[in-house]
Amino acid sequence: MMQIAEKAGDLAPEQYGSKKRHRAINLAVNKALTFDVLRQLRRSSAVCSNDAKSCYDLIGHTPASISMQRVGVPKNVVKCLFTMLQDAFHRVCTGYGDSTQTYGGEVWLVPIHGIRQGNEAGPAIWAVVSSPLLNVLRAKGFGCEICCPLSQAFLKFVGYAFVDDTDIIQSAIRDNPQDAIALLQKAIETWENSLKITCGVIVPEKTVWWLIHFEWEGTSWRYASSLERPGEIQVNDIAGNRKTLTRLNADQAYETLGVYLAPNGNSTAQFAKLLSLSTKWADAKRTGHISKDEAWLAVTTTIWRSLSYPLATLRLTKPQWEEIMAPILRYCLPAMGICRNFS
């Protein structure tokens, strides 16, 4: 299914999840670069980082079936998959054995939908289900437009998506911040209504948004605050109640895809996270007893992976990295049999 969909161009370019040669950190880098471009162009825009509730558990079988058949999956294969999920009896596995009572099967008047957590087909199914939703936003004219200065290539995209973590971005018309807020509200409502068609819903508690706008102070530009440019974005929760989303200023970072990113490019929150990671990890190793080879293996396969993952999105200085690495080197170099005063 994924091979046919990618070859035919049926997957939205904004959806990075489940695709070959697409990593989460690449999407985070693209988001950071977009913030950089908006800052360089001083373009008024609005960005909403939202999370779909129980992504795989709330996929309706009917829209999933249509989406899979759209990219060439035979109808009998789709019927086999979803009939098995709807008719299956589920037991709870405990330390005392499997439960004697079950749920599911024919006792339900309405079959249980959802792909189920752990289903290896889940990521691919969500990719083909979410792509038409992103295409709807593009077809309605929402998104951000950028003209590359050297190649003159014209880019238009509606946001970034990695499985159910999605950022919707909307640039302003005539550089008016109120236009950006109004257009983002319409874009979020369109995205919300599209999710409902697939039986999904936005989680307001896990959703934030920024207004990116610049004010001239006579000698330099600065980001406008929420007090200077008021506005709000609202969505419906799973019960249909109207909720106002949390708004962040341009200097406030929010964690998406494991990286704290702020529109103004500061890395304060991510620096604090990395320093906390290295301190806790080094403290745990200091109180334990491992061999020299195990210490080397622990450094290269655990903490170093955590520290190197967000590197491409950061602008940390050498003194900052020395502060992050200090707890690790202080305790782990002696554990590996290396003099910690060695240059």
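**A chat about the model**

Colleague: Which residues does V136 touch, leaving out those up to four places away in sequence?

Modeller: V136 touches T190 and S194 once those neighbours are left out. Keep in mind that this is a predicted model.

Colleague: Okay, and where is V136 found?

Modeller: V136 sits in helix α5.

Colleague: What separates the C-alpha atoms of V136 and C48?

Modeller: Those C-alpha atoms are 17 Å apart, and the two residues are 88 residues apart along the chain.

Colleague: Switching to the sheet. What is the order of the five strands?

Modeller: The order is β8-β9-β1-β10-β15, in an open sheet with mixed pairing. Its edge strands are β8 (159-162) and β15 (246-248), each of which pairs on one side only. From one strand to the next, the twist averages 15°.

Colleague: And what packs on the sheet?

Modeller: Helix α2, residues 24-41, does, and this helix touches β1, β8, β9 and β10 (208-212). The direction of α2 makes about 165° with that of β8.

Colleague: How many bridges link β1 and β9?

Modeller: Seven bridges, in the antiparallel sense, between β1 (residues 45-51) and β9 (residues 165-171). As for A46, its bridge partner in β9 is Q170.

Colleague: New topic: the surface. Which residues make the nonpolar patch?

Modeller: Y103, V107 and W108 make a nonpolar surface patch of about 350 Å².

Colleague: Where is the place of W108?

Modeller: W108 lies in the loop between β5 (103-104) and α5 (122-139). W108 is partly exposed, with a relative accessible area of 42%.

Colleague: Nice. Zooming out, how many helices and strands does the protein chain have?

Modeller: The protein chain has nine helices and 17 strands. Along its principal axes, the C-alpha trace spans about 70 × 65 × 40 Å.

Colleague: What percentage of the residues count as buried?

Modeller: Of the 343 residues, 44% count as buried. The accessible surface of the protein chain is about 18600 Å², and 56% of that belongs to carbon and sulfur atoms.

Colleague: Last one: what share of the contacts with a separation of 6 or more comes from residues 24 or more positions apart?

Modeller: Those residues account for 68% of such contacts in the protein chain.

Key:
Residues are numbered from 1 along each chain as its sequence is written. This is a predicted model: local features need pLDDT of at least 70, side-chain atom pairs count only at pLDDT 80 or more; totals for chains, interfaces and linings use all residues. Side-chain values use heavy atoms; hydrogens and water are left out. Two strands pair if DSSP finds at least two bridges between them. Helices (H or I, at least four residues) and strands (E, at least two) are DSSP runs, numbered from the N terminus. Axes are lines fitted to C-alpha atoms, for helices over the stretch in contact, and angles run from 0 to 180 degrees between N-to-C directions. Contact means heavy atoms within 4.5 Å. Patches are made of residues with over 30% relative accessible area and no salt bridge: like charges are joined within 9 Å, nonpolar side chains (Val, Leu, Ile, Met, Phe, Trp, Tyr) within 5 Å. Accessible areas come from the Shrake-Rupley method with a 1.4 Å probe; for residues, only the protein chains shown count as cover. A salt bridge is a side-chain nitrogen of Lys or Arg within 4 Å of a carboxyl oxygen of Asp or Glu. Buried means under 20% relative accessible area, exposed over 50%, partly exposed in between (1.4 Å probe, protein chains only).
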